[in-house]
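Hi everyone, thanks for coming. Let me put the sequence and the structure up on the screen, and then I'll walk you through a few places in it.

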Amino acid sequence: MAEFAGYDMPLWYTSIIEEHLAVRNNTGIFDVSHMGRITVKGREAGALTEALVPTRSSSQPVGRSFYTLLLNSRGGIVDDLIIIKKAEDDYLFVVNAANKTKDLEQMERLSRQYNVLLDDITDTTTMIAIQGPAASLALQDFTAQRLTEIKRFNHVLSKIGGSSATITRTGYTGEDGFEIILYDSGIENNALAMSVWNDLANKTRPCGLGARDSLRIEAGLPLYGSDIDDSTNPIEADLSWVISREKTGYVGGEVLANLLNIQPRKLRRGVLLQDKIPRHGFSVNNEVGENIGHVTSGTYSPILKKGIALVYVNTPYSTIGQPVRVVVRDAEVGAVIIKPPFYDVKSYGWKREVATSIPSSPQ
Amino acid sequence: MSSRYRVPDNLYYTKEHEWARSLDGTVVVGVTDYAAKTLNDVVYVSLPSVGQNIQQSISFGTIESIKAVSELYSPFSGTILQVNSELSSRPELVNKSPYEEGWIIEIKPVNIEKEKQVLLDSKQYLELLGSLAGR
């Protein structure tokens, strides 16, 4: 078990590699109840959301679950989050556990100008992620909602195992899958959530933080605190796609408008190593041994069977295919800049061409 | 004391979870079942070169899982006679068979009688594991 933002969570149940491959090839489940869940309700819920994030949320339809950022006035990233737009006057923010307090502070500070009500529902709800190409098969037995009717980055309000639940087709693995928020089961009354978890665990593979990390690195998804933080801006983090063009009037918006017009000094990229395993903090050098960046997340890719990393490199070295070197304990290892995901998108990930129809039985 | 980790008799153990098997004047070294299970899936073992001299309690390589990297400390001083090159392509042997197929190096020890006095026997190593579990 590892302590993570005040929660005791398993790094693995059996084997990180087996859990990782279960998600890529079949289905795995993650207890993600630690994720912060904050509701924003009221007549001006949409207006407050617009003032908080760089994504034009008013143009997101009800039913959409969208990835975006909270920024500080310097354009730095306060948090990355999913906003579940349940109704024009009802939004659910799913934020990083370690950032919930500062997120709430920022949200509350702004909310005074709006007719809204904020509520932290983290402890009174439970959140489980079901991820992998066979996720809809595994979860279908628990709900009358036809899961294949929910589109990627959309959600519905339905029932799971007798509990009222938001089912959102999102995740942190690169694979197809769902995240479910159970409203009738929380820390004080977790029997219902435990029974859903145990029933799912009998059909799929429970996965720990280790596989969650290796899966998200393989998919190229940033982890707050490692790859992005208060001092990184969305453009250098390669997240400028969340910024709606021409949008103004949100925290950090003025700085971002300027940053969008100049080339960033550094950029977030992936690197694939020929050998060895990169770790957080390792240096990235050019071919004549000059330091040009650093590793922010590194792991062994069970799919590629190679070391992979998310890095920041000086912009001239950010071109796809650029050869670089990663310094692994005094030895320079050959590597190449890539644009994640690291896996072949024809064979893996939610956009894969061939839908795998593996029976959702335990392996 | 019972343990959920295998701790064979007749091996020497380090506090850093290496084992050493002394036989016919050479010593085979690996990591314990506890080390293998605590690291979880081993994906990389960096091995020294044959002929290299190594010192007791000094790192001679590293072993890596997906999550972590650990130094390998030699139980004895000596010269490397053989390395388990099978681990380059099948590092998972450390998890599957830490005391047999997952061995790491074989050395010619230079001072075995003196150096073994600072190592643990299986009973002492089990006690160490017991104290770790209590933490």
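This is a predicted model: local features need pLDDT of at least 70, side-chain atom pairs count only at pLDDT 80 or more; totals for chains, interfaces and linings use all residues.

Let's start with helix α5 of chain A, residues 191-203. How far apart are its end C-alpha atoms? They are 19 Å apart, and at 1.5 Å a residue the 13 residues should span 18 Å, so the two values agree.

Now, which residues of α5(A) are buried? They are A:A193, A:V196, A:W197 and A:L200. These four cover an arc of only 100° around the axis, so they sit on the same side of α5(A).

Next, the helix pair. Two packed helices are described by the angle between their axes and the distance between the axes. For α1 (residues 16-25) and α6 (residues 209-219) of chain A, the axes come within 8 Å and cross at roughly 55°. That angle makes α1(A) oblique to α6(A). On the α1(A) side, the contact is made by A:I16, A:E19, A:H20 and A:V23, and on the α6(A) side by A:G210, A:A211, A:S214 and A:L215. As for handedness, the crossing of α1(A) and α6(A) is right-handed.

Finally, the backbone. Most residues other than glycine have a negative phi, and most peptide bonds are trans. Here are some exceptions for you to find on the screen.

In the loop between β18 (323-328) and β19 of chain A you'll find A:R329. A:R329 is not a glycine, yet its phi is positive, about 45°. Is A:R329 buried or exposed? A:R329 counts as exposed, because it has 11 C-beta neighbours inside 10 Å.

Over in chain B, look at the loop between α1 (33-39) and β4 (42-46), where B:N40 lies. B:N40 also has a positive phi, about 65°, although it is not a glycine. With 22 C-beta neighbours inside 10 Å, B:N40 counts as buried.

Last stop: the peptide bond from A:P340 to A:P341 is cis, with omega near 10°. A:P341 is in the segment after β19 (331-338) of chain A.

Note on methods
Residues are numbered from 1 along each chain as its sequence is written. Chains are lettered from A and ligands numbered from 1 in the order in which they are written. Helices (H or I, at least four residues) and strands (E, at least two) are DSSP runs, numbered from the N terminus. The expected span of a helix is 1.5 Å times one less than its number of residues. A residue is buried if 20 or more other C-beta atoms lie within 10 Å of its own, exposed if 12 or fewer, and partly exposed in between; C-beta atoms are placed from the backbone. The arc is that of the directions from the helix axis to the C-beta atoms. Axes are lines fitted to C-alpha atoms, for helices over the stretch in contact, and angles run from 0 to 180 degrees between N-to-C directions. Angles under 35 degrees count as roughly parallel, over 145 as roughly antiparallel, 65 to 115 as roughly perpendicular and the rest as oblique. A crossing is left-handed if the near helix is turned anticlockwise from the far one by less than a right angle, and right-handed if clockwise. Two residues are in contact if their C-beta atoms, placed from the backbone, lie within 7 Å.
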